[in-house]
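Hi,

Here is the structure I said I'd pass along.

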Amino acid sequence: MPAGVVGQAWRNGRIQVSLSRFLRCEEVEIVPLEEQLARSCGELCGARNTADIVDASVVILATAERHPIVTSDPADLRRLDPAAQIIPL
């Protein structure tokens, strides 16, 4: 999970307890937004005419690891990668 996703979700106090529990799972890895990933996010946003680098980081990391993306905002993520495996909430 990109670290930016944690920041975006943490704003909502109603889900912090569930999110905190989920983040403690062994299978969950928090990936920092290092320079190379940040550049890749910017390039993807530029190519797809979008601005949300957190969404771009989700798409890039999920694609690289061949993981599905679980999201409440499938339209924005599909815009970044129409071929991504997306599971809408």
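Where does aspartate 81 lie? It sits in the loop between helix H5 (74-80) and strand S2 (86-88); helices (H or I, at least four residues) and strands (E, at least two) are DSSP runs, numbered from the N terminus.

Before the rest, some ground rules. This is a predicted model, where local features need pLDDT of at least 70 and side-chain atom pairs count only at pLDDT 80 or more, while totals for chains, interfaces and linings use all residues. Residues are numbered from 1 along each chain as its sequence is written, and side-chain values use heavy atoms, with hydrogens and water left out.

Back to aspartate 81: the residue is buried (under 20% relative accessible area, 1.4 Å probe, protein chains only). Its side chain has a polar contact of 3.4 Å with that of threonine 63 (a pair of N or O atoms within 3.5 Å; within protein, one must be able to donate a hydrogen and the other to accept it, and residues adjacent in sequence count only if both atoms are side-chain atoms). Leaving out residues up to four places away in sequence, aspartate 81 touches Val59 and Thr63 (heavy atoms within 4.5 Å).

Serine 57 is in helix H4 (residues 53-65) and is buried too, at a relative accessible area of 4%.

Leucine 23 and methionine 1 are 22 residues apart in sequence and 8.9 Å apart in space, C-alpha to C-alpha.

Cheers

Terms used:
Buried < 20%, exposed > 50% of the residue type's maximum accessible area, 1.4 Å probe, protein only. Lys, Arg positive; Asp, Glu negative; His and termini not counted. Salt bridge = Lys/Arg side-chain N within 4 Å of Asp/Glu carboxyl O.
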